[in-house]
Amino acid sequence: MHYYPTILIVLLSLLFQHSFAQETAASDSVVYTEIDYGTTPQKLEIAEITISGADNYEDFVLIGFSGLQVGDMITVPGEGITDVVRRFWKQGLFSDVKVFATKIEDGKIWLHIQLRQRPQVSKINYNGLKKGEIDELKDRLGIVEGNQITPNISDRAVTVIKKYLEEKGFMNVDAFVYQRNDPEKTGHVIVDIEVDKKVKTKVGKIVITGNKALSFNQINKTMKKTNDRNWRNFFRTKKFVREEYDKDKIALIDKYNEIGYRDAYIVTDSVVAIDEKNVAVYITVDEGDKYYFRNIKWIGNTIYPHEYLSQVLNIKKGDVYNYKHLMERLQTDENEAVSKLYQDRGYLFSQIDPVEVLIENDSIDFEMRVHEGKQATINKIEIKGNTRVYEHVVRRELYTKPGQLYSQSDIMRTYRELAGMGHFDPEKIKPDIQPDMESGTVDIAYELETKGSDQVEFSAGWGATGIVGTVGLKFSNFAIQNLFKPETYRIVPQGEGQTFSINARTNGQSYSSFSASFLEPWLGGKRPNSLSASIYYAAQTGVSDRFWESMSNFYSNPYGNYGGYGGYGGYGGYGGYGGYGGYGSGYGQDYSSAYQALYQNETDPNRYMRTLGASIGYGKRLNWPDDYFAFYGELSFQRFMLSDWQYMPPLTDGNYNNFSLNLTLSRNSIFNPIYTRRGSSFSMGLKITPPYSALNGKDYTDPAMTNQERYKWIEYHKWTFSGKTFTPITPDEKFILMTRVMFGYLGHYNPNARSPYETYNMGGDGMSAYTSYGTEYVAMRGYESNSLVPYDPQRRTRIGYLYNKFTAELRYPLSLEQSATIYVLGFLEAGNSFNSIANYNPFNLKRAAGIGVRIFLPMFGMMGIDWGYGFDTNTTGQKSGSQFHFVLGQEL
């Protein structure tokens with residue numbers, strides 16, 4: 001008679017194990033030898049290990065889980081068998097584990113491990129959750145179709161669901177994870193996740209007691225995420241979230257500490273349900289006494305005298321105690337912290353510990369214990385993540401060099417230069433600083449994330465003469481050195497960080513232009529001296545007399561009264577070349593469609609204005625007054641060729657030349673040119689021509705002098721100034737205040753030779769559908785394009801020789817991702833233009849306000865739209881009112 005005993009090493013359920021063993025015995029002819037735990041333990045060699053019950057895993061993997069292998073010595077009976085069971089339980093993949101001895105003889109043992117797998121998930125059902133909530137939660141829960149599910153996974157999922165919904169204000173959530181067998185798949189279960197959110201919990205009221213130094217409103221402002229229904233919290237969340245409430249309690253005590261109450265603490269707090277929707281928050285505070293700084297003594301400082309350190313710390317005897325401010329002045333202030341003094345001189349390992357040495361009544365004495373340490377030398381610098389430009393192009397922008405003393409200012413300056421290159425995401429630039437105190441060295445790795453900075457432009461604008469198409473390409477990583485190296489080409493040779501751009505515009509017969517430019521930012525590759533060059537050509541064609549006759553007959557009125565027929569009348573009728581005009585006598589808007597229909601068929605090739613120009617410039621970074629200064633000089637030449645051109649009086653026929661020298665002194669300390677948070681930019685420019693009227697001996701007062709003689713060589717001196725500042729107004733540096741001032745003046749050597757070119761057209765978005773190289777367009781939001789150009793009675797046309805403009809802009813980012821930088825803004829703007837310095841009145845300003853949005857896409861550059869409201873009249877006396885303006889690369 002055969003005997004089939006089974007010994008269960010781990011007992012989950014006597015009944016379950018008995019039935020499972022019977023099933024095994026009935027289906028398997030192997031005889032299991034009982035391990036008698038009452039006998040004397042003996043060491044046996046494992047002869048064989050077999051596995052059953054886990055078909056989804058390879059046997060060698062499961063044997064690895066057991067921790068055993070053939071040939072091992074094991075004590076039977078003993079802890080070795082029990083440890084095998086524990087190891088399988090620890091995996092969390094099995095609901096039952098049994099270990100059997102199938103044979104024991106000759107000092108050897110044959111082991112069999114019998115497993116029961118946990119079920120796999122075939123389907124997941126969510127009940128009580130919205131689709132968006134499911135999408136956010138499903139990757140966090142750890143329950144995945146095709147994977148096994150364990151009790152730990154189920155419990156964790158419930159916890160995650162409750163915490164997620166608590167953050168949304170649901171404090172009384174019930175959540176359950178149920179399993180049921182899948183009738184269509186053996187060994188699989190369907191998981192039902194049942195959620196009852198109940199109602200969202202909001203703060204019904206907040207009761208504060210014990211507060212005297214801080215009013216309720218001040219406390220309410222400090223607790224940013226726990227807000228009652230006070231009208232001051234109209235735009236703030238009212239939901240109650242326990243985690244945010246705990247943070248707000250810490251913020252409350254921090255606020256007390258900032259105003260001198262260093263001993264303030266919360267005595268008691270409670271959250272009491274008012275009803276199923278609202279809770280009441282009760283907080284009792286003990287403010288303690290108010291403290292003040294008294295004596296501050298420096299110990300251990302040898303590099304800087306204590307007088308200078310105290311001056312930089314800028315905390316005086318009698319100042320209200322504020323530990324947060326103290327630590328900012330010592331360590332965290334990016335620009336003026338005391339520790340930055342040491343770090344800028346290489347003392348990277350320096351430490352300053354503020355110690356309270358005496359508390360007497362309401363005063364506290366401090367010792368600033370300075371450990372200067374030794375200076376740190378830069379050992380190694382790595383560039384990581386650069387896949388766009390040659391490494392030497394990046395390294396030449398670094399202000400940190402191997403062998404130099406460490407300087408925190410050099411780290412920040414390097415960040416600025418890398419961000420300004422335009423090849424890397426400025427939000428992802430991270431200097432990884434690894435100091436080694438033993439060797440006195442530091443390794444620096446700049447972690448970069450490459451972004452595309454080449455840009456393409458395909459656009460079409462609707463102007464007075466119909467559609468104007470534009471095609472433009474800008475390559476910001478050009479490499480002229482690689483022209484004959486085809487392997488470096490990605491459309492054009494790349495790698496050296498040079499800029500090459502081309503642009504073409506046309507609307508068919510009446511207008512076309514072409515321009516190309518090149519910039520080498522590091523001429524010679526050793527110093528940041530730039531070389532730039534550009535060429536451009538534009539041709540505009542006028543219309544025949546038949547066109548004017550047709551328009552005049554169409555409206556039974558001489559065309560001269562209509563201000564350029566909705567956008568072309570140039571200076572004579574006001575409106576420029578961009579299709580914006582239409583002021584005149586008020587009929588421009590009606591003329592526009594008729595004008596455009598006739599224009600293309602009535603162009604006269606004998607009436608034109610053609611502009612040919614070229615320039616070459618050289619820039620140099622200066623070291624004085626500091627190395628944010630730069631100087632730029634440029635020589636440029638323009639030739640204007642006119643034939644019967646009636647749109648720019650007094651010049652109608654002939655060739656006119658503009659040869660000028662442009663000198664610019666600038667200082668730029670801006671960080672991150674796309675969404676700038678701090679820094680400033682100032683520039684002063686002078687563009688001059690030779691005083692031809694004083695050199696050629698001609699009498700410019702002679703009325704017989706022709707315009708061809710008077711303006712053959714155009715003369716002027718042009719002065720410009722612009723300044724911008726960026727100031728973060730919130731600690732997280734998201735709300736940014738940008739302020740700007742601009743000024744321009746076109747002067748003359750001889751009043752009888754005032755230049756008709758280089759003048760200012762003010763108003764609108766600063767764009768023209770056509771390119772007019774003889775005019776500078778100045779944006780002024782809230783007013784139509786060119787609507788703030790004053791009338792010059794001497795020339796009997798509208799022309800601006802001087803302007804000023806002031807802007808304040810508040811910005812807030814919506815996205816700072818590499819793929820798209822998006823921010824919104826609100827602005828106040830004031831400005832005006834004048835036809836002479838004698839008429840200049842700095843207080844005669846046209847005012848506007850509005851809002852806008854900007855989107856920067858690496859492929860297309862800066863784009864946006866602004867709505868502005870002009871509060872004043874334009875130069876024709878019309879009320880401006882509401883205006884929309886589009887941004888395509890230009891700055892408003």
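**Figure 1. The lining of the largest cavity in this predicted model.** The largest cavity is lined by Asp425, Pro426, Glu427, Lys451, Asn672, Ile674, Tyr675, Leu816, Glu817, Gln818 and Thr821; a cavity here is a set of points on a 1 Å grid over the protein atoms alone where a 1.4 Å probe fits but cannot get out, and lining residues have an atom within 4 Å of a point. By class, this lining has four nonpolar, three polar and four charged residues, where Ala, Val, Leu, Ile, Met, Phe, Trp, Tyr, Cys and Pro count as nonpolar, Asp, Glu, Lys and Arg as charged, and the others, Gly among them, as polar. The space in the largest cavity is about 70 Å³, a volume being the space filled by probe spheres set on the points, with grid points joined across faces, edges and corners. Residues are numbered from 1 along each chain as its sequence is written. Because the model is predicted, local features need pLDDT of at least 70 and side-chain atom pairs count only at pLDDT 80 or more, while totals for chains, interfaces and linings use all residues; side-chain values use heavy atoms, with hydrogens and water left out.

**Figure 2. Lysine 687 and its partner glutamate 758.** Lysine 687, which lies in strand 27 (residues 679-688), counts as buried because its relative accessibility is 17%, where buried means under 20% relative accessible area, exposed over 50% and partly exposed in between, with a 1.4 Å probe and protein chains only. The side chains of lysine 687 and glutamate 758 are joined by a polar contact of 3.2 Å, that is, a pair of N or O atoms within 3.5 Å, of which, within protein, one must be able to donate a hydrogen and the other to accept it, and residues adjacent in sequence count only if both atoms are side-chain atoms.

**Figure 3. Glutamate 336 in a loop between two helices.** Glutamate 336 sits between helix 9 (323-332) and helix 10 (338-343), and it counts as partly exposed because its relative accessibility is 48%. Its side chain makes a polar contact of 3.4 Å with the side chain of arginine 329.

**Figure 4. A cis peptide bond and a positive phi.** Tryptophan 624 and proline 625 are joined by a cis peptide bond, with omega about 5°, and proline 625 is placed in the loop between strand 24 (603-621) and strand 25. Aspartate 106, a residue other than glycine, has a positive phi near 55° and lies in the loop between strand 3 (94-105) and strand 4 (108-117). Most residues other than glycine have a negative phi, and most peptide bonds are trans.

How values were computed
On a 1 Å grid over the protein atoms alone, a cavity is a set of points where a 1.4 Å probe fits but cannot get out, and a pocket is an open set with protein on both sides within 12 Å along at least five of seven lines; lining residues have an atom within 4 Å of a point. Helices (H or I, at least four residues) and strands (E, at least two) are DSSP runs, numbered from the N terminus.
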